[in-house]
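Dear colleague,

I am passing on the structure below, and after it I set out what a search of the coordinates turned up.

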Amino acid sequence: MTFWFSPDWVGTSVGAQAAGGMLVAAGAVLVVAAGVAMGKSLAIGPRPPPGGRLITHGPYRLVRHPNYLGAILFFAGLSLLFNWKALVLT
């Protein structure tokens with residue numbers, strides 16, 4: 001989305017880039033951990049696969065939707081990594 005704005009709007013500090021990188025990594029780790037915890041119960045759509053079961057271990061014991069939280073962290077970190085003002089758009 002930030003490509004719509006002028007070049008002088010782009011830019012971020014080293015600290016913001018480091019924080020963005022950490023958020024990207026944390027989000028990616030959370031998504032992968034949630035997928036591993038789901039195992040054979042992982043489904044792309046809203047309906048569970050045949051024989052799927054309720055998962056209450058791994059990240060699911062702390063967060064109801066760790067995949068969504070991981071995606072939010074990932075994309076917020078990506079925005080912060082490239083441009084701290086893009087975080088508002090995210």
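**Pocket, helix and loop**

Helix H2 gives the most to the lining of the largest pocket, with three residues; helices here are DSSP runs (H or I, at least four residues), numbered from the N terminus. This is a predicted model, in which local features need pLDDT of at least 70 and side-chain atom pairs count only at pLDDT 80 or more, while totals for chains, interfaces and linings use all residues. Residues are numbered from 1 along each chain as its sequence is written, and side-chain values use heavy atoms, with hydrogens and water left out.

The largest pocket has a volume of about 600 Å³, and among its 19 lining residues Met-38, Ala-43, Tyr-60, His-65 and Asn-67 lie nearest its centre. A pocket is, on a 1 Å grid over the protein atoms alone, an open set of points where a 1.4 Å probe fits, with protein on both sides within 12 Å along at least five of seven lines, and lining residues have an atom within 4 Å of a point. The volume is the space filled by probe spheres set on the points, which are joined across faces, edges and corners. The lining divides into eleven nonpolar, five polar and three charged residues, where Ala, Val, Leu, Ile, Met, Phe, Trp, Tyr, Cys and Pro count as nonpolar, Asp, Glu, Lys and Arg as charged, and the others, Gly among them, as polar.

As for H2 itself, its 17 residues should span 24 Å at 1.5 Å a residue, and its end C-alpha atoms are 24 Å apart, which agrees; the expected span is 1.5 Å times one less than the number of residues. In H2, Pro-66, Gly-70, Ala-76, Gly-77, Ser-79 and Leu-80 are buried (under 20% relative accessible area, with exposed over 50% and partly exposed in between, for a 1.4 Å probe and protein chains only). These buried residues pack against H1 and helix H3 (86–89).

Two residues of the loop between H1 and H2 also deserve a mention. Pro-59 lies in that loop and is buried, with a relative accessible area of 14%; leaving out residues up to four places away in sequence, Pro-59 touches Leu-30, Ala-33, Ala-34, Ala-37 and Pro-66, contact meaning heavy atoms within 4.5 Å. Ser-41 lies in the loop as well and counts as buried at 8% relative accessibility.

With best regards
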